[in-house]
Number of protein chains: 2
Amino acid sequence: MAVYTDIRDDELHAWLARYDIGGLHALKGIAEGVENSNYLLSTDAGLFILTLYEKRVAREDLPFFLGLMEHLAARGINCPRPVPMRSGEMLGTLAGRPAAIVTYLDGVSVRRPTPRHCRQVGEVLAAMHLAGADFAPRRPNALSLAGWPPLFDRCAARADEVEPGLRDLIAAELAWLGRHWPVGLPAGVIHADLFRDNVFFLKDRLSGVIDFYFACNDLYAYDVAICMNAWCFEPDWSFNVTKARALLEGYTARRPLGRAEYDALPVLSRGSALRFLLTRLHDWLNVPPGALVVPHDPREYLARLRFHQGITEAGAYGLDYAAEAGMART
Amino acid sequence: MAVYTDIRDDELHAWLARYDIGGLHALKGIAEGVENSNYLLSTDAGLFILTLYEKRVAREDLPFFLGLMEHLAARGINCPRPVPMRSGEMLGTLAGRPAAIVTYLDGVSVRRPTPRHCRQVGEVLAAMHLAGADFAPRRPNALSLAGWPPLFDRCAARADEVEPGLRDLIAAELAWLGRHWPVGLPAGVIHADLFRDNVFFLKDRLSGVIDFYFACNDLYAYDVAICMNAWCFEPDWSFNVTKARALLEGYTARRPLGRAEYDALPVLSRGSALRFLLTRLHDWLNVPPGALVVPHDPREYLARLRFHQGITEAGAYGLDYAAEAGMART
């Protein structure tokens, strides 16, 4: 849940006057998006989402995120589309913060995804990878291999407060990943945060994807690994191979994985698990006083990391490569 | 801001199947209402508010609140109207909590009310008092004179943490109010919590009133005093007599105040200030671990109490009784 910036009436009316979306009907802070303040905005022209970007999002990255949404929406991805001001600008300042209005998407996120949901998540992830292939701007992934050691440095001293031995485990994993991280795999724009909250469904059909504020350039197969971690584990933290198979089948039906990408899934899944373990650990140990956010339990991703450490080949994720390659040829 | 209860997909769909409002489009937790979890619900039939009643609201009171909204809406008050299930029931259980669906109201609450807003708040308050006069169910005000000493007992020992001398000040005020609280004034159903967040405007015209979960039977003029405290003080906690006059003029234009009601305004305003000082003090000293709520500063209402302690006659609130009585006759 986000913080809610207080928007003064006069500021809001002046802001809306810069758009061609008519008069204000309602503005309600909504519990959507962790990093920013989001409001459901109702005007003469219908429903929109107004986002105020809080300090964790760098202003210089916003044109990348907004441009990507525009690019993907124009290519048939059902994602929020930035609404331009009369001036043509998509980004302004409201209540002292960078702010934008995007289109509203119907749909609800699922709490307990089924394999049917997972398959569609795989499909839309591949569709986004393909649609983003000709998006020219670049944004390196600050939360990939090179970004993890400095993040770890900021919470290493207190890591064992979460679980004894965690500091040593992470240090060893960072070293191992440094030696085994794949090179030369296909890369491009990835969503990098396609968690359940960021995918909407209507009557069990995927209806939209939101929250592109971690999108960046990185390995496509790393995005698949992020999704497997987000969608294919149960509330008791156990792995569900049926869901993983569905997700991988959905993905490869749209964008076949190369052999090297497939073989790298265990390493990439370990890396993805470590990435979210580190950010959750950091947030867990650094809850600011008066915070409105209940941090996620970092041990959820520690359990995923341990699971992937026990995987020796990608077939354990439920998809046989020969069969997958066969599907790709059809 | 409320807590957000996690609603499972299957629960939600089973719940909606009990209503005649079509299929689910979206459900978004909204930052509205302090005591309950509120969601903006979008279905084939349009927008609604789904409320899950959290533990601070007594289930046995809910028929009173929902019945009152139904009663007032039927008499032209623009307030949320409970949506009945196919069975005719207005109250059910969802995610283990009492739950109801009410109609959605357009409008935005104002952060910085003008006298024009205050006048309309006075008008709608009087309109609610008149419309509720024939509402038969009764609910005593648990947060009136008799309810304050036990509330004070639970935070007296630590009151001076907020301001030295506060404990003695409150004890003396309770004693004084006990001796001066008016008897025999006109009473009926009051809103009892008509703060800025609970009144919507569209283009500076009052468009709706929400949050009836403190409504009860008590003195009408006490409701006026609550509104004066909520609407007629500035962000620096100073009193704005122009706003108070506008609020009182708006009220008396619809429902004239009797002489005894008018004369009691200073005492009732002290009582109202003490009531919110006490609940804020209690919440301030008892923030639960992991709370999603930032408590209000109790000293805001201490300042109001001190202001009203200095008032010797109701004319200080900006409305001359002779003039008011004259208006009432026209």
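1. Domain bounds here come from an automatic or database domain assignment, and on that basis chain A of this predicted model is divided into domain 1, residues 9-103, and domain 2, residues 115-329.

2. The centres of domain 1 of chain A and domain 2 of chain A, taken over C-alpha atoms, are separated by 28 Å. Contact between these two domains involves 18 residues of domain 1 of chain A and 16 residues of domain 2 of chain A. On the side of domain 1 of chain A that touches domain 2 of chain A, the classes are nine nonpolar, six polar and three charged residues.

3. Between the chains, 28 residues of chain B are in contact with 28 residues of chain A. Two elements of chain B, strand 1 (24-30) and strand 2 (37-43), are those that give two or more residues to the side that touches chain A, and the largest share, seven residues, comes from strand 1 of chain B. Sorted by class, this side of chain B has 13 nonpolar, six polar and nine charged residues.

4. A separate point concerns helix 7 of chain B, residues 241-254, which has 14 residues and reaches 20 Å from its first C-alpha to its last, close to the 20 Å expected at 1.5 Å a residue. Which residues of helix 7 of chain B are buried? They are Lys243(B), Ala244(B), Ala246(B), Leu247(B), Leu248(B), Gly250(B), Tyr251(B) and Thr252(B).

Technical notes. Residues are numbered from 1 along each chain as its sequence is written. Chains are lettered from A and ligands numbered from 1 in the order in which they are written. This is a predicted model: local features need pLDDT of at least 70, side-chain atom pairs count only at pLDDT 80 or more; totals for chains, interfaces and linings use all residues. Helices (H or I, at least four residues) and strands (E, at least two) are DSSP runs, numbered from the N terminus. The expected span of a helix is 1.5 Å times one less than its number of residues. A residue is buried if 20 or more other C-beta atoms lie within 10 Å of its own, exposed if 12 or fewer, and partly exposed in between; C-beta atoms are placed from the backbone. Two residues are in contact if their C-beta atoms, placed from the backbone, lie within 7 Å. Ala, Val, Leu, Ile, Met, Phe, Trp, Tyr, Cys and Pro count as nonpolar, Asp, Glu, Lys and Arg as charged, and the others, Gly among them, as polar.
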